[in-house]
Amino acid sequence: MDHTKDNNELDIIIEGGMLLTMSDTMDVIDNPLIGIRDGKIAFITRGDIPETRSFSARKVLSAHGSLIMPGLINTHTHLPMVCFRGLADDLPLMDWLHNHIFPAESKFVTREMVYAGAMLAIAEMILSGTTTFCDAYYYESEVARAAFDSGMRAVVSQGFIDFPEPTAPEKIADIAERFISKWQLKSPLIIPALACHSPYTCSPETLTSVKDAARKADVLYSIHVSETKEEVAIIRERFGKTPVQHLKDIDILDDRTLAVHCIWPEDYEIEMLSASNVKVSHNPESSMKLAAGCAPVPIFIEKGITVGLGTDGGASNNDLDMFREMGTAAKLHKVIQMDSTVMDAKTVLKMATINGAKALGLEDRIGSIEPGKFADLIIVDTKKPHLAPMHSYYSQLVYAASGADVKTSIIGGKIVMQDRKLPLVDLPSIMQEVRAIAKSIGAN
Amino acid sequence: MDDNGTLIKKGSIAVDGENIIAVGEKGEIESRYISREIINAEGFMVMPGLINCHTHAPMTYFRGLADDLELTDWLNNYIFPDEARFVNGEFSYLWSLLACAEMIKSGTTTFCDMYIFEDDVAMAVKSAGMRCLLGEALFDFPSPNFKNPEEGLKYTEFLIQKWASDPLVNILVEPHALYTCSFNLLQESKKLADKYGVPLGTHYLETKSEKEKLAGKYGKSPTSFLKDIGYLSEQFIAFHCVYMEEEDIRMFADHGCKMVHNPESNMKLASGVASVPEMMRAGVTVGLGTDGCASNNNLDMFQEMDTAAKLHKVVKLDPTVMDARTVVRMATCQGAKALGMENIVGSLKAGMKADIIVIDLNKPHLTPLYNEYSHIVYAVNGADVDTVLINGKVVMKNRKLLTIAEDELMAMVEETAIRIKKQFGMN
């Protein structure tokens, strides 16, 4: 298409700045002109070509002196857990879970809490440059509703766990189908999915019934796997094998499975993940804070496994800032492997953008800024002392920037943040609501 | 951050001149004092300014210039040659001023610096209104600032004398490291520090290769060597200490030596992980630092706290080590102690200098609030700091720097970076 002869009015034009496309060829375009129409990138061109200036748009955004890049993709969250942020830290994992988190959840998780918590988390994510998240929690439809209301793109997973008791296979199929059909055609923003909590909290019957439903509907299936040494020991004791092997033997592994954490896989399990084209979600800060361990991500990447980045829930991080997560991901593996060349800045930025999209099966729609893709992008203000001088864009974004440097965010062609203001979220009332919930839990 | 870890809700701090004269309940303070200026911190958190115990401030220029390289490649092919080519006094001044702007904007009020042309660094610090402890990096080979170590020592003595009565700038003697300093330079450094009663700081056991290099050098462990030349004392500050054995830790504890932990730099350069929980258990005072910008790549002490808290948990596979309060202490009162400044900064109580930061809690990522220490370590970011006082003077208000013309500075660093690139044909 010769876009210069296209007379249709655009919704938004972004002009100026430096565009990091994160395309296959990692194109970087100085002083670009980006046209957005009907929620998608209509074209990208150089801003200094005169005839391109004949476009008209309802809204013109200047990105001069800023970086434009794809919105970040957080591949693993439990959004409403921001309500428990800082409730209990620095405790042994089982103590933390069984004496603090689980009791708080059983007592305080309601539809209202899930919606309010998800809204607060979405506000935090937009303010720190995330445009898509992949979530699993109780009352997940409330999370979907919060995403829809706030203009956020979300993979929302109906979760299953054999607690307090297992769900019958027929019932699983029914719940899964109802959830998927409820959200499937609602909006391009909402992508339904299914999740099982883990191989140690779900029986093989539950795991396979949910996977069957996911295959039938062709949706993403995510599962926490091999997060702790304790989990590996439990699975060994129950099934006489390691967790990934166990999942392979019951036919869970395929290219629509997102294995979350994957901290303790054996070499042969890494081969299985690679051979089945399973995707991995890496959550370094949560795994550090909970002392779960460090996933062998450089090896995953070497074996061709697609790895996305995630923050995990707000209670084990304790923020949802993907910029800080990138900084940690880049540094952690260097010191663990004692090799300062692993996980270079570009690799890590890919994890948080295009490879995150691949991990969720959305790479045809998001993860890079290219014509035809959804206009999910962020503008990062680099005129700040901690981002000067600008020797390398990738390095600055991974090692020096933080979420607070994101100035503007667009999701599906809609401005969800401009100059750090959120037009679609009533922030004061959401914060007040969450504070009231937290007060009943025991906050100050 | 006093010894009892006192938290005051609806508190108030009375500042007179440079000093905190009273800390207490709002009503009580208000009934006792009248003030020319009142900073309302309702809905905010007020805490001591953070203390960054190890920096190379002018290295902001090198931020992002070369990353993800093998350490010796990075140093020998990028950092050292560039430093030799274009570092001068003007360079150290400008890029230190940028460092000060960044540090104030992320809540740091005091830092301990080592670089070349430190007099220029001191002048930048002075104009930014920050507090510092700094020294010229001393080593055997020529630096852009001195032809030989003798000149370096003389320059250090000049710094000590020049800044002796300054309220904000403090000087220490800083031999760069054991592997870059001769026996003689180490001894002369010690003599100079003793002559003026100033601290002595050095990079120590940062990498495995350094440890291996030093192993055969003295016919004894490097810590025993330091002991024999009189280094081990309360005035000795060792940066990094990644490769300390149990015996080294015990000797540090016995002599009251100070250790500075720089987790993000040690991670990024793949140096290793210092045994900080063991050192603390042994009674060693541990401060926190970012190290230079080129190996971090920012000077945000909130992020550094977060990393410090998490790194040791995963390395030890124990989520209870380095709890949030311990880490906040490292960045405040313990950091002050590491620099020998615990009687003037690091906690908010009557008699201390008024180095205070005010954090805006009215943000989604800081909601809700269950535990203040947890928030500071695991959720607050440098950009959440709203207002900063140093030595009783407001240096940032509502995120606007009052001592530095930020826009002009940003324009100047951008221009200078382009000029250096052109002049020296880099990249």
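A: Happy to. In strand 4 of chain A, Pro32(A), Ile34(A) and Ile36(A) point one way, while Leu33(A), Gly35(A) and Arg37(A) point the other way, and all are buried. Buried here means under 20% relative accessible area, with exposed over 50% and partly exposed in between (1.4 Å probe, protein chains only). Strands (E, at least two residues) and helices (H or I, at least four) are DSSP runs, numbered from the N terminus.

Q: Why is strand 4 of chain A largely enclosed by the rest of the structure?
A: Because six of the six residues of this strand, residues 32-37, are buried. As for the two directions, side chains in a regular strand alternate between the two faces of the sheet.

Q: Before I go on, what kind of model is this?
A: This is a predicted model: local features need pLDDT of at least 70, side-chain atom pairs count only at pLDDT 80 or more, and totals for chains, interfaces and linings use all residues. Residues are numbered from 1 along each chain as its sequence is written, chains are lettered from A and ligands numbered from 1 in the order in which they are written, and side-chain values use heavy atoms, leaving out hydrogens and water. The predictor gives the complex an ipTM of 0.96 and a pTM of 0.97.

Q: Back to the strand. Which strands pair with strand 4 of chain A?
A: Strand 1 (residues 10-15) of chain A pairs with it in the antiparallel sense over four bridges, and Ile14(A) has Ile34(A) as its bridge partner. Strand 5 (residues 40-46) of chain A is also antiparallel to strand 4, over six bridges. Pairing requires at least two DSSP bridges between two strands.

Q: What's in the turn between strands 4 and 5 of chain A?
A: The two strands form a hairpin with two residues between them, and Asp38(A) in the turn has a positive phi of about 50°. Arg37(A) is bridged to Lys40(A) in strand 5.

Q: Which residues have the most contacts inside the largest nonpolar core?
A: Phe62(B), Phe252(B) and Met305(B), in a core of 140 residues. Such a core is a set of buried Ala, Val, Leu, Ile, Met, Phe, Trp, Tyr and Cys residues joined through side-chain atoms within 4.5 Å.
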